[in-house]
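I set out to record what I looked up in this structure, one entry per topic.

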Amino acid sequence: MASLELEITTPEKKAFKGEVSEIIAPGADGLLGIRPGHAPLLATITPGVLSFEVAGETHRYALGGGFIEIAENHVRVLADTADRDRDIDLERARAALADATDQLQKLVAGTSEYVHQRSRQERARLRVELASRLSSAC
Amino acid sequence: MASLKAIRTRIRSIKSTQKITRAMKMVAAARLRRSQEAALAARPYEHLMHEVLDSVGARVELARYPLFQQREVKRVEIVAITSDRGLCGGFNGIIEKRVRKLTQEAEDKGQKVTLRIIGRKGADYFRRREVSIRRSYTGLLGDLKFSTAQEIALELSMLFLAGEIDQVLLVYNEFVSAVSQRAVEKQLLPILPPPPPADIESVRTPVDYIYEPGADAILDDLLPRYITNQMWASLLESLASENAARMTAMDAATNNAKEMIDKLTILMNRTRQAAITSELVEIVSGAEALK
């Protein structure tokens with residue numbers, strides 16, 4: 001069976017590269033399901049969970065916003081951040097979420113600091129969600 | 001001639017200086033490897049970003065977008081990336097010189113210049129001069145975060161969109177190799193249409209994508225990220241250059257210390273020999289006199 005070549009890149013690192021069979025990505029207009037032979041696509045992705053399967057094992061990543069590009073079974077994801085579920089420290093993520101939520105209360109909407117904390121909060125929220133889902137599954 | 005004791009003290013002092021410079025060189029070398037890896041790790045992202053912008057740019061008229069808008073330049077903001085710490089040779093000097101030259105040129109054209117300085121060294125330098133610093137950042141280079149680049153890029157974009165500034169130039173050290181860095185300037189805003197990529201890998205036939213949601217919406221999302229990423233890449237380049245410059249400077253210092261120690265050791269031996277010789281002469285001539 002044909003497979004997909006997936007690359008997840010963030011400005012800080014290359015998070016993943018390898019052959020996968022099916023990808024579900026958080027598109028701006030809803031979830032995107034991608035299987036081999038998908039038409040060329042360029043889409044924005046919203047902060048959310050990207051999941052895919054490698055040899056029967058499901059990988060999940062908490063993604064910041066970004067893009068996904070599909071061309072000839074080659075999928076490239078450009079994300080602000082990408083954290084694999086099992087690498088997330090639940091305690092730390094919870095603390096970050098609480099801190100960002102705290103900070104947000106003190107700030108005025110629209111300032112750069114606000115936007116910054118808002119994105120921190122969103123990222124932390126996702127991390128918490130993913131990590132707790134993982135720990136409850138175990 | 002200096003006394004034997006004075007020379008010994010001098011040698012000891014140089015030796016301890018040498019120990020410090022050698023340690024700093026090692027630290028810089030270790031940091032260089034890390035920052036070089038970080039700079040390299042950022043390249044695939046940047047690369048893909050260019051490709052996407054190219055691809056979308058071929059389909060929509062980029063000039064319509066405010067961030068691409070070329071206006072008559074009345075106010076320029078120069079963003080200079082320097083270092084927080086010294087002992088890195090000419091690293092900050094060349095940036096400061098370049099910024100002063102750019103400032104001069106802009107003022108000659110009747111433009112108003114504001115500076116935004118990253119790094120304590122640059123901030124200290126320009127604070128004493130007749131320039132207006134809009135903002136300076138210190139202490140963020142030690143633990144560089146992507147969100148820092150995001151914040152700076154966002155603030156610059158907002159100033160540009162609000163018409164407070166008409167052009168943003170970025171001045172930083174580009175990492176060429178461990179022994180060579182050079183000061184470069186880049187226009188951050190308005191965005192210049194990206195130059196064709198140099199790699200062979202990327203010269204593939206442009207794919208006709210389905211855009212979701214629409215090319216316009218993608219561009220709205222892409223442009224701020226593009227600016228952020230340029231900022232981020234420049235910070236990483238500068239950081240790698242800083243460590244390389246420090247390593248080179250400290251290596252040179254260590255070698256100079258060695259040279260000085262060698263010279264002083266010879267001098268010390270000569271002085272000691274001279275002292276022994278003159279003592280001998282005294283004894284011999286004393287014995288002669290007794291005959």
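I counted two residues as in contact if their C-beta atoms, placed from the backbone, lie within 7 Å.

I note that this is a predicted model, in which local features need pLDDT of at least 70 and side-chain atom pairs count only at pLDDT 80 or more, while totals for chains, interfaces and linings use all residues. Residues are numbered from 1 along each chain as its sequence is written, and chains are lettered from A and ligands numbered from 1 in the order in which they are written.

I found 2 helices and 10 strands in chain A; these are DSSP runs numbered from the N terminus (helices H or I, at least four residues; strands E, at least two). Along the sequence the pattern is β-β-β-β-β-β-β-β-β-β-α-α.

I noted that 34% of the 138 residues of chain A are buried (20 or more other C-beta atoms within 10 Å of the residue's own, C-beta atoms being placed from the backbone).

**Strand β9 of chain A**

I then examined strand β9 (residues 74–79) of chain A, in which 5 of 6 residues are buried. Strand β1 (residues 4–9) of chain A runs parallel to β9(A), joined by 5 bridges; I took strands as paired if DSSP finds at least two bridges between them. Here A:E7 is opposite A:R76.

Strand β8 (residues 66–71) of chain A pairs with β9(A) in the antiparallel sense over 6 bridges, and A:F67 has A:L78 as its bridge partner. The hairpin of β8(A) and β9(A) has 2 residues between the strands, and A:E72 in the turn shows a positive phi of about 50°.

**The sheet of chain B**

I traced an open sheet of 5 strands in chain B, ordered β3-β2-β1-β4-β5, with mixed pairing. Which strands stand at the edges? They are β3 (132–137) and β5 (180–189) of chain B; each has a single partner strand, so one side of each lacks a neighbour in the sheet.

I recorded 9 bridges between strand β4 (residues 167–177) of chain B and β5(B), which pair in the antiparallel sense. B:N173 is opposite B:A183 in β5(B). Helix α4 (residues 146–161) of chain B packs on the sheet and touches β1 (75–81), β4 and β5 of chain B.

How values were computed. Buried ≥ 20, exposed ≤ 12 C-beta atoms within 10 Å, placed from the backbone. Axes fitted to C-alpha atoms, helices over the stretch in contact; angles between N-to-C directions.
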